[in-house]
Amino acid sequence: MARNLLGRYVWIIDTIRRYGSVTREKLNELWLMSPYSDGNPLPRRTFYNYRGAIEELFNIEIKCDPSTYEYSIDSGDERREGLTDWLLNSAAMSNVLSNVSDISDRVFLEDIPSARLYLSQVVSALKEKHPIRFTYRPYTRLSPSKGVVIEPYFLKIFRQRWYITGRNTSDSLIKTYALDRMEEVTILDTSFNDDDFNPADYVSDSFGIIYSMGTTHDIVLRTDARQAKYFRALPLHHSQTETIHDEYSEFHLRLRLTPDFVQELLSLGARVKVIAPAELRAMMKSELRNALAQYE
């Protein structure tokens, strides 16, 4: 088996996406300059084998235009492209970190609660539209909730945790559960229909994993020039836009005023000032007063 296959797959995908479209000759020229070639060209049969493996692993089809003999990747819609980017980043990181055992004392990773025990089951239930039954251990109660049954609607990763959102069959309410707090997960044989539910619309106006907190507001945040750079590099929300002034920037968002969004703003301290709406300013002041009271 060829050395570092995963790295080769990622290199081919990244290269074709970067160029938009590329001929086999150009791809081979770039391959010879890559760290994977060992000075040898990429054989046609090997490239075709890699194409098949890439489609199987990443669900990415490398197409060939018969009129130009150029290869390209159909990125699909925005949601699919975002998932593809996430998968590629994860694969690239896994590929790099798999070769650092000799310097493990100099590589520090974040402690991320594990979801791998049940993630594959939840994904399977999500794809096949089967309810799942599980025991749940919320942080807000001492005793677990047993026999929870939901119809899974969508998965989301937030703050290094995986969450599943779906309709709780006991009260018909849509609820969200963290996978690392689930136990004894079982996929049920019955099926459900969620054709009337649109996950993208459901999460559109929320910051994190709290979705039902009133109406959507026009939010204005003021930051200094330094903090503005962080917001540009990693936007708080897909609705974010920026107005640049001489000494500061104002960022505009459309969001529901959820507790997780308030906590995010509080974590930024004096670097961010809420200009609008008045409701969010009041929430910030209340939380700051309560925090200050702890030290008085």
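Select E184 to begin: at 55% relative accessibility, this residue counts as exposed, where exposed means over 50% relative accessible area, buried under 20% and partly exposed in between (1.4 Å probe, protein chains only). E184 sits in strand β8, strands (E, at least two residues) and helices (H or I, at least four residues) being DSSP runs numbered from the N terminus. The phi of E184 is positive, about 50°, although the residue is not a glycine.

The model is predicted: local features need pLDDT of at least 70 and side-chain atom pairs count only at pLDDT 80 or more, whereas totals for chains, interfaces and linings use all residues. Residues are numbered from 1 along each chain as its sequence is written, and side-chain values use heavy atoms, with hydrogens and water left out.

**Backbone stops**

Most residues other than glycine have a negative phi, and most peptide bonds are trans. Q160 belongs to the loop between β5 and β6, and its relative accessible area of 32% makes it partly exposed.

Then select A276 and P277, whose connecting peptide bond is cis, with omega near 5°. P277 is located in the loop that runs between β12 (272-276) and α9 (278-293).

**The second largest pocket**

Display the second largest pocket, which has a volume of about 500 Å³. A pocket is defined on a 1 Å grid over the protein atoms alone, as an open set of points where a 1.4 Å probe fits, with protein on both sides within 12 Å along at least five of seven lines; lining residues have an atom within 4 Å of a point. Grid points are joined across faces, edges and corners, and the volume is the space filled by probe spheres set on the points.

Which residues lie nearest the centre of this pocket? They are Y136, K175, T176, Y177 and R181, out of 21 lining residues. Colour β5 (145-158), β6 (161-168) and β7 (173-178), each of which supplies at least two residues of the lining. With 5 residues, β7 gives the most.

Colouring the lining by class shows 12 nonpolar, 6 polar and 3 charged residues. Here Ala, Val, Leu, Ile, Met, Phe, Trp, Tyr, Cys and Pro count as nonpolar, Asp, Glu, Lys and Arg as charged, and the others, Gly among them, as polar.

Stay with R181, which is found in the loop between β7 and β8 (182-187). R181 is buried yet has no salt bridge, and the nearest side chain of opposite charge, D180, is 4.2 Å away. Lys and Arg count as positive and Asp and Glu as negative, while His and the chain ends are not counted; a salt bridge is a side-chain nitrogen of Lys or Arg within 4 Å of a carboxyl oxygen of Asp or Glu. Leaving aside residues up to four places away in sequence, R181 touches T135, Y136, R137, P138, Y139, R161 and Y163, contact meaning heavy atoms within 4.5 Å.

**A buried threonine**

Select T15 in helix α1 (residues 5-19). T15 counts as buried at 1% relative accessibility. Beyond residues up to four places away in sequence, T15 touches L27 and L30.

**Salt bridges**

Side chains of opposite charge can pair when their charged atoms come close. The structure holds 11 salt bridges, and three are visited here in turn.

Show D194 and K129 first, whose side chains meet in a salt bridge (2.9 Å, N to O). This pair links distant parts of the chain, 65 residues apart: D194 is in the loop between β8 and α6 (199-203), and K129 in the loop between α5 (116-128) and β4 (132-136). D194 counts as buried at 14% relative accessibility, whereas K129, at 26%, counts as partly exposed.

Proceed to R222 and E250, a salt bridge with its closest N and O atoms 2.6 Å apart. R222 is in strand β9 (residues 216-223) and E250 in strand β11 (residues 249-256), so the pair ties together parts that are 28 residues apart in sequence. R222 is partly exposed, with a relative accessible area of 27%, while E250 is buried, at 12%.

Finish at E242 and R232, whose side chains meet in a salt bridge (2.8 Å, N to O). The two residues are 10 apart and link distant parts of the chain, E242 in strand β10 (residues 241-244) and R232 in helix α7 (residues 225-233). E242 is partly exposed at 27% relative accessible area, and R232 counts as partly exposed at 41%.
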